[in-house]
Amino acid sequence: MNPKTETPARAPVGLISSAASPRLLTDRREQQVATPWGTASVLTGRIGEREAAVVLRYGPKLTIPSHKINYRANIWALRELGVQRIISQNAIGSVNPVVKPGDIVISHDFLDRTKSRPLSLFDDSECWVRVDMTEPFCPEVRASLLEATASMPDRVLHRGVFACVEGPRFETPAEIRALQREGADIVGTPMVPEVTMAREAEMCFASIAPVINYGAGMAPAVIHVGPGSMNDEYYAGGLHDRIEKALIDAMARLPDHRGCKCGQALRGGFHGQRPGWLANCSIDEQAGSTLPAALEDA
Ligand SMILES: [Zn+2]
């Protein structure tokens, strides 16, 4: 498909990030994608040799804080463009003293400590879903990220519990100690509900998270700009460039066809009236009601 036409380009891989350099996303064009929750702005182009769609979650000029992101529109816009697999890039803080700035974490689990965000794609519909979260991140996308980062000079942690908090402020020392007791390894603000809504949309999702600072109380307070700041360490130190190279490699390693269970997330867990915007999902294959027979006439 010619990416210059007005027809939305089909984009089998997706990226949600705060930035995407011209080297990472080539042949880029901006598209406005209509969704049931408003229009989402998506960059389409190529990451390596693959068609890709990229959501800059904070907006192109970093004007949207985590608690004001239109998560539902962003996720659904990627799905409308044909995306099946999403990689989320999350620059985050350490909660576990073993996890140090400069490390990279490929999370295997998360804690939701957000407060005011929509919980589900289906909040406004006459239905609800109960998706399984035993394995919150797609094993195939995680495997691609682990393979792509294996040769990096940075330390890569193959497991980690991602605590997602509301923001936009940083945490207090007491909050960091509480997250430590709860088993968190890293902390950030925008990853939930992206991960849960991707599961509801039957899309694969995994996160690559460079660690750029310690949580409050674990080290001197964060410096935002200038020598020794967290941005200086991340960009001037080259970690951001290495992460982008790993993203290109990981996208190339994703198999053409999914072998995971993410594409059947709604099967058996969908209850009620199917909304008109929900097409091409696994409940197409679900025969009859999911209610136990004893409740059918209740
Ligand atoms: Zn998957």
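The structure is a predicted model, in which local features need pLDDT of at least 70 and side-chain atom pairs count only at pLDDT 80 or more, while totals for chains, interfaces and linings use all residues. Residues are numbered from 1 along each chain as its sequence is written.

The secondary structure of the chain consists of six helices and 14 strands. Both kinds of element are DSSP runs, numbered from the N terminus: helices are H or I with at least four residues, and strands are E with at least two. The C-alpha trace spans about 65 × 50 × 35 Å along its principal axes. The radius of gyration of the chain is 19 Å, which agrees with the value near 19 Å for a compact globule of 298 residues. This radius is taken over C-alpha atoms, and the globule rule is 2.2 Å times the number of residues to the power 0.38.

Of the 298 residues in the chain, 42% are buried. A residue is buried if 20 or more other C-beta atoms lie within 10 Å of its own, exposed if 12 or fewer, and partly exposed in between, with C-beta atoms placed from the backbone. Among contacts with a separation of 6 or more, 79% join residues 24 or more positions apart. Two residues are in contact if their C-beta atoms, placed from the backbone, lie within 7 Å.

Two helix pairs were examined. Helix 1 (residues 71–80) and helix 4 (residues 191–200) have axes that come within 10 Å and cross at roughly 45 degrees. Helix 1 is therefore oblique to helix 4. Axes are lines fitted to C-alpha atoms, for helices over the stretch in contact, and angles run from 0 to 180 degrees between N-to-C directions. Angles under 35 degrees count as roughly parallel, over 145 as roughly antiparallel, 65 to 115 as roughly perpendicular and the rest as oblique. The crossing of helix 1 with helix 4 is right-handed. A crossing is right-handed if the near helix is turned clockwise from the far one by less than a right angle, and left-handed if anticlockwise. From helix 1, Tyr71, Arg72 and Ile75 take part in the contact; they meet Pro193, Glu194, Met197 and Ala198 of helix 4. By class, this contact of helix 1 with helix 4 has five nonpolar, no polar and two charged residues. Ala, Val, Leu, Ile, Met, Phe, Trp, Tyr, Cys and Pro count as nonpolar, Asp, Glu, Lys and Arg as charged, and the others, Gly among them, as polar.

The second pair is helix 2 (residues 139–149) and helix 6 (residues 239–253). Their axes lie 8 Å apart, at an angle of about 130 degrees. Helix 2 is therefore oblique to helix 6. Helix 2 passes helix 6 in a right-handed crossing. Helix 2 contributes Ser144, Leu145, Glu147, Ala148 and Thr149 to the contact, and helix 6 contributes Ala246, Asp249, Ala250 and Arg253. The contact of helix 2 with helix 6 has four nonpolar, two polar and three charged residues.Helix 4 is mostly covered, with 10 of its 10 residues buried. Among them are Met191, Val192, Thr196 and Arg199. Pro193 is also found in helix 4. The peptide bond from Val192 to Pro193 is cis, with omega near 15 degrees. Glu202 follows helix 4 and has a positive phi, near 60 degrees.

Most residues other than glycine have a negative phi, and most peptide bonds are trans. A further cis bond runs from Gly167 to Pro168, with omega near 0 degrees. Pro168 sits in the loop between strand 11 (161–165) and helix 3 (173–182). Phe170 is placed in the loop between strand 11 and helix 3. Phe170 is partly exposed, because 16 other C-beta atoms lie within 10 Å. Not counting residues up to four places away in sequence, Phe170 touches Ala216 and Val222.

Asp27 lies in strand 2 (residues 26–35). Asp27 counts as exposed, because it has 12 C-beta neighbours inside 10 Å. Asn280, not a glycine either, has a positive phi of about 55 degrees. Asn280 lies in the segment after strand 14 (270–272). With 7 C-beta neighbours inside 10 Å, Asn280 counts as exposed.
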